[in-house]
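Please look through the sequence and the model below before reading on. The text then takes the parts in turn.

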Amino acid sequence: MLCHANLSDSYVVSTRLLSFYIFPKSKYEICPSGYQYSEEYGKINLLRKAPAIKDGDFCLAESVAIMLYLAEKFHTPEHWYPADLQKRSRVNEYLSWQHSAIRIHGSKMLWFKLLIPKAVGVEIPKEKIDNAVEDLNESLNLFEEKFLQDRPFIVGDQISLADLVAIVEIMQPVGAGMDVFENRPKLKAWKDRVRDEIGVELFDEAHQEILYAQDAMKTMDPKKMEHLKPKIVRYFLS
Ligand SMILES: N[C@@H](CCC(=O)N[C@@H](CS)C(=O)NCC(=O)O)C(=O)O
C-alpha cells in the first residue's frame, strides 16, 4: 500500500505512474489532507511525510527508498534500475541530487504561486518569486548540461527511474503556470521521449491533476489547508 497526500502534492503524480505502470501489483491510496499528522499515519511513517508504504508489517518512508524497494520487490524491467554498476550509479547520482535542486526549487513555484496565496491569503512578493525562478532555472541548466548531455535519457538510451523522478518534479512548476520547456528544446525533446516511452495516454492521465492545479485552487476551501499554515509561516514567510 502506498500512502499519499492529496491534490497539489507532487508525489500524487509519481505514485500514479509508479502504481499503474511500473509497479502494477501495488495499490495506492490518496490520503485526505492532513492525514500525515494522524495517529494512524504516525504508525506507518513517524516522519509524517507522504509517501509511505506498508507492505505487510514492513513500513517504509521516503519516496526514493520506496521506489527502489518496489523496483526490487516487483522485479521491474532491468532498464528502470540497471544492474550495471555504472548505470545504476548514474540513477543513484540523479536521485541523490534532485532532492536539493529540482525538487526543492520546482515545488517552491507551486507553494509561491498557488498554495501559499490560498492557504494564508497573502501574495508572495515578485522579487521572491523571481529569485525562485532563477534557482529553478539554474537547476534546469544543470539537469540539461550534466544529467542529460546529449543522451536520450539520463542513463543513456533507455528510460530509468531517474527520468521518472525528474519528469514528475519538472512538471510541478508547469502546474503552477511556468512553462519550463519554453526556450529549452533539449528539455522539451527529453520530456516528449519520456512521454512516448510511458505512453501518451498514461502520461497525460498521470499529470492531469497537476496541470489543473491552478483551476482546482480557485474552488478549493482554504480551511482544508489550515494545518499547513504554521509551517508555511515558519518556512516561507518569516
Ligand atoms: N524526502 C521526502 C519528502 C516528502 C514530502 O515532502 N512530502 C510532502 C508531500 S509532497 C509532505 O508530506 N508534506 C507534509 C509536511 O511536510 O508536513 C520524500 O521524498 O518522500
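This is a predicted model: local features need pLDDT of at least 70, side-chain atom pairs count only at pLDDT 80 or more; totals for chains, interfaces and linings use all residues.

Residues are numbered from 1 along each chain as its sequence is written.

The chain holds eleven helices and four strands. Both are DSSP runs numbered from the N terminus: helices are H or I with at least four residues, and strands are E with at least two. Of the 238 residues in the chain, 37% are buried. A residue is buried if 20 or more other C-beta atoms, placed from the backbone, lie within 10 Å of its own.

Strand 3 (residues 52-55) pairs with strand 4 (residues 58-61) in the antiparallel sense, over four bridges; strands pair if DSSP finds at least two bridges between them. Opposite Ile53 stands Leu60 in strand 4. Two residues lie between the strands of this hairpin, and Gly56 takes a positive phi near 65°.

Now to the helices. Two packed helices are described by the angle between their axes and the distance between the axes. Axes are lines fitted to C-alpha atoms, for helices over the stretch in contact, and angles run from 0 to 180 degrees between N-to-C directions.

Helix 4 (residues 85-98) and helix 7 (residues 161-175) have axes that come within 8 Å and cross at roughly 25°. Helix 4 is therefore roughly parallel to helix 7, a term for angles under 35 degrees. The contact is made by Arg90, Val91, Tyr94, Leu95 and Gln98 of helix 4, with Leu161, Ala162, Val165, Ala166 and Glu169 of helix 7. Two residues are in contact if their C-beta atoms, placed from the backbone, lie within 7 Å. By class, these residues are seven nonpolar, one polar and two charged. Ala, Val, Leu, Ile, Met, Phe, Trp, Tyr, Cys and Pro count as nonpolar, Asp, Glu, Lys and Arg as charged, and the others, Gly among them, as polar.

How do helix 6 and helix 8 pack, and at what angle? Helix 6 (residues 126-148) packs on helix 8 (residues 185-198) at about 70°, with the axes 10 Å apart. The two helices are therefore roughly perpendicular to each other, which covers 65 to 115 degrees. Leu140, Glu144 and Leu148 of helix 6 meet Lys186, Leu187 and Trp190 of helix 8 in the contact. Four of these residues are nonpolar, none polar and two charged.

How values were computed. Angles under 35 degrees count as roughly parallel, over 145 as roughly antiparallel, 65 to 115 as roughly perpendicular and the rest as oblique. A residue is buried if 20 or more other C-beta atoms lie within 10 Å of its own, exposed if 12 or fewer, and partly exposed in between; C-beta atoms are placed from the backbone.
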